[in-house]
Number of protein chains: 2
Amino acid sequence: MTTEGLPDTALPSSALVVGCGLIGTSLALALRTHGVDVHLRDAVPGVAEVAASVGAGTVDPVDDPELVVVAVPPAAVPETVLALLEEFPGAVVTDVASVKAPVARAVAGTPGASRFVGGHPMAGTERSGPTAGSALLFEGRPWAVVPLPESSEHAVELVTSVVRAVEAVPAVLEADRHDEAVALVSHVPHVVSVLTAGLLASAPREHVDLAGPGLRDVTRIAGSATGMWLQILDSNAGAVTTLLRSLRGDLDRVLDALDAGGEVLAGRLSDVLDAGRAGTQRIPGKHGEVRTVSASVFVPVDDRPGVLSQLMADIGDSGVNIEDFRIDHEYGRPVGLAQVEVAADRADHLTSSLTARGWPAYR
Amino acid sequence: MTTEGLPDTALPSSALVVGCGLIGTSLALALRTHGVDVHLRDAVPGVAEVAASVGAGTVDPVDDPELVVVAVPPAAVPETVLALLEEFPGAVVTDVASVKAPVARAVAGTPGASRFVGGHPMAGTERSGPTAGSALLFEGRPWAVVPLPESSEHAVELVTSVVRAVEAVPAVLEADRHDEAVALVSHVPHVVSVLTAGLLASAPREHVDLAGPGLRDVTRIAGSATGMWLQILDSNAGAVTTLLRSLRGDLDRVLDALDAGGEVLAGRLSDVLDAGRAGTQRIPGKHGEVRTVSASVFVPVDDRPGVLSQLMADIGDSGVNIEDFRIDHEYGRPVGLAQVEVAADRADHLTSSLTARGWPAYR
């Protein structure tokens, strides 16, 4: 088959999704909305049937799918990809595992390698299983597309078309670079969040009671299920270890500085604090652009239905666009503190506009 | 003077606020709303005058204030408290420094010790200076009240009355316990956030571009100004060091597990991940109660004024109360993903209610 003469957004006419968890089912649902003939398979009896029952496709066997998507648990991905490349010699095969080097190493040099392109949709919810699937799951999310050196142009184009069709944003990069990147933006932050939250486990109640929004932010992702994370950290142990060792070196510098105290502390710790501040500035902001300078407006609000919608309506009337919005529930009281982040040069206008409408807004 | 026969919410009739930054000015403004005669003083010429100009009080000298509030930078607190206890032999003196042992050590055993009670309002914005002050700043925030063993009952009652009057929530605890608590819930999370963000400073652009909401959460507090944090970490070096060493031990266990891989990794890392998960469960939730079981409903929204207010209105109409609300701006697109956290048993109802109103909501 050839892509000649076809637009590069041509989707496969048929696809087999192997593994009907949250990601597999969501992708199947999204492909169905584009009219793709989707077939479903799962190693656990009954799971594919559940996915089919929510409209993700059919459990009927398929002879010659154009695309095979491997959405099985991370540890099983390499062997499953190899088996499916053999079972379907005409198909392009992709996977959705969050670590790419193990599958790239397994497939490289095999006869089917030109038909394989790895993938990693950076999306998910705290739920799992086929009934949690949603065709909207990938909308606006980065989706790493990870070709092998042998991957054919057709295979890369087909997988990229699928990524675009489900409204994700493709980012093409090589397996090792991908794994270093996710170690940095996902795996190491997860470990750090877990370690910080772990300190709370044995702390006195009266200490934990003083927790504020900063602690909640840092530890939020530590609350997720452990099973998947064991597989992720195991399969990306190299890249994660490199970064965690670097972080441990920085931590030792902090401990040395705290031990020295006074002027020495100030000198050594300034560098660490400044590097952290510089790091936060590099995280892409709204629309993937460089982070805009924003400012917060605070509004204490009663914690009952309808109050937030009135606040949002009044913000809308002020003509100021919301960059970010958060609610902190206040300690021991039925009151929330809304934090509205807006462009820095609009904060004063929003504050006076809300004040004029009777809100106790402040900056 | 005696508190006999007075309600325990009796406020001072006159107060001197020394240090007119964000916290000092905000407290002065809040006391003014209760009719307290507030006098202002600042070591930097002109600053007290600015605070007075926004309605925080008068710069006229005061002979015999009932209450003196020390709101100077942390490093200057102990000497300033001692000087003011001497200057105003009839006054109760309190401070607002975020570390309590240094001032407690300095004051304990001095003639004025019975008139001193430490304090720490856990509030702030990213702004500073008198013009950033707001009478509402302390509403619903924890405020640690930290007596010395010698502190008189009257002094503790007066300070606690002030805390209640500005609508903060008093938590009485001893200086060393306070400093251990804030090391746990504030100082160590800050260091950890800074170290994680520091890894981003020198990372390749294409790696940082894959950042998602998890990384943003973990690194958010690392963006704050460094000067104040140097003083805080220096003055609480002992408690911070103890916890960071403990975290370093856990980090080494993670590195060992990653090095071992496979079954050994799974065994060792499960404990660490489980402890983290257990730790997040201990953070007080809404209304200071035990965290309720909540679930997220996701809604992709156009990023323009008015859309969020419509969403909030429709959530209000559904009768489901919002536990938490966040917006993630999607990568490279003018679209946001609203994450609405609600009680777990209300999530399905909210999802179908929003879907019926035309929102692409999913769980």
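**A guided tour of a predicted two-chain model**

The model is predicted: local features need pLDDT of at least 70, side-chain atom pairs count only at pLDDT 80 or more, and totals for chains, interfaces and linings use all residues. Residues are numbered from 1 along each chain as its sequence is written, while chains are lettered from A and ligands numbered from 1 in the order in which they are written.

Next, select residues 307-318 of chain A, which form H12. At 1.5 Å a residue, its 12 residues should span 16 Å, and the end C-alpha atoms are 17 Å apart, which agrees; the expected span is 1.5 Å times one less than the number of residues. Within H12(A), highlight A:Leu308, A:Ser309, A:Leu311, A:Met312 and A:Ile315, which are buried (20 or more other C-beta atoms within 10 Å of the residue's own, with C-beta atoms placed from the backbone). Viewed down the axis of H12(A), the buried residues fall within an arc of 160°, so they line one face of the helix; the arc is that of the directions from the helix axis to the C-beta atoms.

Now display the whole of chain A. It has 13 helices and 10 strands, and its C-alpha trace spans about 65 × 55 × 40 Å along its principal axes. Of its 363 residues, 51% count as buried. Colour domain 1 (14-173), domain 2 (179-253) and domain 3 (294-356) of chain A, whose bounds come from an automatic or database domain assignment. The C-alpha centres of domain 1 and domain 3 of chain A lie 41 Å apart.

Then select A:Val17 and B:Val17, which touch the most other members of the largest nonpolar core, a set of 243 residues. Such a core comprises buried Ala, Val, Leu, Ile, Met, Phe, Trp, Tyr and Cys residues joined through C-beta atoms within 7 Å. Beyond its neighbours within four places in sequence, B:Val17 is in contact with residues including B:Leu27, B:Val38, B:Leu40 and B:Val69; contact requires C-beta atoms, placed from the backbone, within 7 Å.

Finally, show both chains. A rotation of 180° with 0.0 Å of shift along its axis superposes chain B on chain A (RMSD 0.1 Å), by least squares on the C-alpha atoms of residues with pLDDT of at least 70 in both. That is the relation of a two-fold axis. Select B:Val218, whose C-alpha comes closest to the rotation axis among the residues of chain B, at 2.1 Å.

Technical notes:
Helix = DSSP H or I, 4+ residues; strand = E, 2+ residues; numbered from the N terminus. Buried ≥ 20, exposed ≤ 12 C-beta atoms within 10 Å, placed from the backbone. Contact = placed C-beta atoms within 7 Å.
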